[in-house]
Amino acid sequence: MPAKLTEAHRQALKLFREQHSDLDGTLKKYVADFRHERKQITEALRKGAGTVPELTRQTGLPVDQVLWHVTAMRKYGTVQEAGADGDYVKYEFIEQNGK
Amino acid sequence: MSSGNGAAMRETENHFDVVVVGGGIAGLQSALDLADQDYRVLVVEKQPSIGGRMISLSKVFPTLDCASCITTPKMSAAAHHSNITLMTYTTVDAIEPAGDNHRLTLTQMARYVDTSACIGCRQCEYVCPVEYPDPFEQGMGALRAISVPFANAIPQYAVLNPEYCIGCGACVRACASDAIRLDQQPKTLTVEAGAVVLATGFHLNSTSLKPQYNASRSKDIVSPLQVERLLAPHGPYGRVLRPSDGKIPDSVAFVLCAGSRDQSIGVPYCSRVCCMYSIKQAMLLSGALPTADITIYYMDIRAFGKGFEQFYQNAKAMGISFVKGKVARITPQPNGDLMARVEAIEEDGRVMENRHDLVVLAQGIVPELVSPERLGAAKEEDGFIRRPDPLRPAWTGREGIFVAGTAAGPKDIVDSIMEAGSAAMEASHYLTQKRATADANAPSLELEVIGAASE
């Protein structure tokens with residue numbers, strides 16, 4: 001892994017991109033924002049565990065988006081809970097092997 | 001019943017004795033009841049997994065059984081039944097009469113995954129770089145652009161959402177069984193059925209229908225289906241948090257009849273289950289948040305079913321506060337709190353302003369199927385499927401077309417399952433009658449022999 005793409009895969013990818021060409025750039029903008037926000041939150045978490053309001057102050061992102069990202073990262077195994085601070089849960093980054 | 005019972009009707013690969021439209025709890029129960037009588041059944045479900053609304057619930061009232069623990073065996077039984085064929089991610093576009101039978105036009109949407117090769121290992125999901133708000137989690141969690149829809153989905157096949165896929169090909173490279181098909185297209189097919197059971201279910205009307213509740217201004221004014229996910233063991237946050245900022249709520253309010261029993265929003269009828277699921281959610285929340293204040297604002301509590309009244313009394317004994325009064329307005333504050341303005345009917349009608357962290361609006365139940373006419377049935381004034389004969393409550397009034405569950409009106413899970421059994425029995429009876437008529441009209445062997453001898 002990663003396996004190589006065959007000619008059939010390349011043809012299928014080409015057709016997919018043609019059929020879903022994102023002409024108005026909605027997806028492009030969504031993905032750019034998603035990556036930017038995820039990167040900011042990851043960087044903030046690398047400095048130490050934090051609650052959603054703390055991470056919001058550090059990143060300047062909307063608070064509901066911070067919650068969404070942190071709990072998404074928890075789902076996919078890059079963040080875990082680390083106790084609580086008052087009414088808020090603290091989250092910490094899980095360093096992946098070799099990264 | 002003998003194995004030959006349904007066999008007489010099996011003409012072609014595209015012919016089924018019964019097609020069940022909808023793979024929720026009602027549809028699955030009808031399908032299982034028919035398949036166990038040896039009828040060949042096709043279940044058509046528009047979502048990528050069967051299980052319907054019930055598989056997303058936390059627990060059921062009044063027994064507090066885990067909803068997914070009692071739904072999953074039914075889903076699994078249907079998926080493994082030799083007489084049941086499942087078609088997920090497929091819509092029924094039309095049902096028309098075809099001689100003695102019904103012809104159904106179906107559209108199988110593109111999953112972009114070859115289901116004969118996918119083993120549900122989720123390697124594609126692990127490498128996918130794009131996440132979006134998870135519809136199964138009512139938007140609160142995240143799902144990757146290609147993923148198995150949820151942990152206990154059946155079938156366990158990945159599905160790609162082209163709205164969020166950037167076509168990077170990472171999933172294609174990661175798939176060990178080479179199951180990703182980015183060139184897959186939607187397919188239209190027709191099948192024939194001897195009988196049809198419509199089990200198309202419900203959805204909740206919008207929290208924004210009542211502007212005085214300001215649901216569009218706060219993420220903490222939530223729908224009961226969101227609360228089900230917050231309470232589910234594998235929910236989006238792994239615990240109960242308010243969606244606006246992740247605070248552990250210390251005051252939760254339920255507003256009953258927030259989307260039903262209200263002429264002004266076109267839902268004059270009672271949704272039948274809101275009182276009980278709100279009481280259930282309040283009880284579960286008091287377990288998950290032991291120090292939180294939980295209030296239920298109600299017009300009247302309709303605890304009509306078996307064990308319901310005791311359930312209500314238990315909730316009161318647990319310290320859940322029941323306030324008789326209609327909530328006039330919910331106003332989000334700059335600090336995120338929600339102020340509920342209520343006339344307390346049993347306290348001389350005084351007006352209270354109460355602070356809450358989270359407010360649940362018990363929305364109205366409305367039919368998922370907008371045009372039953374397209375599927376060979378008719379609708380009542382309230383939009384639910386018409387059942388003209390009070391002595392045959394599972395019959396739509398159309399030859400060979402039956403209805404089960406919330407497609408016919410709001411009801412709880414137990415009633416949906418009972419109605420599903422009733423629809424299955426009606427369909428079975430109809431098919432038996434049809435076969436008997438066909439047999440009576442066919443020339444008998446004896447007559448043929450006599451005819452041959454007289455020549």
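**Close-up views of a predicted two-chain model**

**View 1. Three-stranded sheet of chain B.** In this predicted model, the strands of chain B in the order β16-β17-β18 form an open sheet of three strands with antiparallel pairing. Because β16 (327–332) and β18 (350–356) of chain B stand at the edges with a single partner strand each, one side of each lacks a neighbour in the sheet. On average, and with direction ignored, neighbouring strands of this sheet are turned by 20 degrees against each other. β16(B) and strand β17 (residues 338–344) of chain B run antiparallel and are joined by five bridges. B:Pro332 is placed opposite B:Leu338 in β17(B). Strands are DSSP runs of E with at least two residues, helices are DSSP runs of H or I with at least four residues, and both are numbered from the N terminus. Two strands pair if DSSP finds at least two bridges between them. Axes are lines fitted to C-alpha atoms, for helices over the stretch in contact, and angles between N-to-C directions run from 0 to 180 degrees.

Residues are numbered from 1 along each chain as its sequence is written, while chains are lettered from A and ligands numbered from 1 in the order in which they are written. As this is a predicted model, local features need pLDDT of at least 70 and side-chain atom pairs count only at pLDDT 80 or more, whereas totals for chains, interfaces and linings use all residues.

**View 2. Five-stranded sheet of chain B.** An open sheet with parallel pairing is formed by five strands of chain B in the order β12-β19-β13-β14-β15. Its edge strands, β12 (221–222) and β15 (321–324) of chain B, each pair on one side only. Two bridges connect β12(B) with strand β19 (residues 358–361) of chain B in the parallel sense. B:Val222 faces B:Val360 of β19(B) as its opposite residue.

**View 3. Helices α2 and α3 of chain A.** Helix α2 (residues 26–46) and helix α3 (residues 52–59) of chain A pack with their axes 10 Å apart, at an angle of about 110 degrees. α2(A) is therefore roughly perpendicular to α3(A) (angles of 65 to 115 degrees count as roughly perpendicular, under 35 as roughly parallel, over 145 as roughly antiparallel and the rest as oblique). The crossing of α2(A) past α3(A) is right-handed; a crossing is right-handed if the near helix is turned clockwise from the far one by less than a right angle, and left-handed if anticlockwise. A:Gln40, A:Ile41 and A:Ala44 of α2(A) meet A:Leu55, A:Gln58 and A:Thr59 of α3(A). By class, the residues of this contact are three nonpolar, three polar and no charged. Two residues are in contact if their C-beta atoms, placed from the backbone, lie within 7 Å. Ala, Val, Leu, Ile, Met, Phe, Trp, Tyr, Cys and Pro count as nonpolar, Asp, Glu, Lys and Arg as charged, and the others, Gly among them, as polar.

**View 4. Helices α2 and α4 of chain A.** α2(A) and helix α4 (residues 63–75) of chain A cross at roughly 75 degrees, and their axes come within 10 Å. The two helices α2(A) and α4(A) are therefore roughly perpendicular to each other. A:Glu37, A:Arg38 and A:Ile41 of α2(A) make the contact with A:Gln65, A:Val66, A:His69 and A:Val70 of α4(A). This contact of α2(A) with α4(A) has three nonpolar, two polar and two charged residues.

**View 5. Helices α6 and α7 of chain B.** The axes of helix α6 (residues 274–288) and helix α7 (residues 308–317) of chain B lie 10 Å apart, and the packing angle is about 40 degrees. α6(B) and α7(B) are therefore oblique to each other. α6(B) passes α7(B) in a left-handed crossing. On α6(B) the contact is made by B:Met276, B:Ile279, B:Ala282 and B:Met283, and on α7(B) by B:Phe308, B:Phe311, B:Tyr312 and B:Ala315. These residues divide into eight nonpolar, no polar and no charged.

**View 6. Backbone details in loops of chain B.** The peptide bond from B:Phe61 to B:Pro62 is cis, with omega near -10 degrees, and B:Pro62 belongs to the loop between β2 (41–44) and α2 (67–80) of chain B. B:Ile154 and B:Pro155 are also joined by a cis peptide bond, with omega about 0 degrees. B:Arg122, a residue other than glycine, has a positive phi near 70 degrees.
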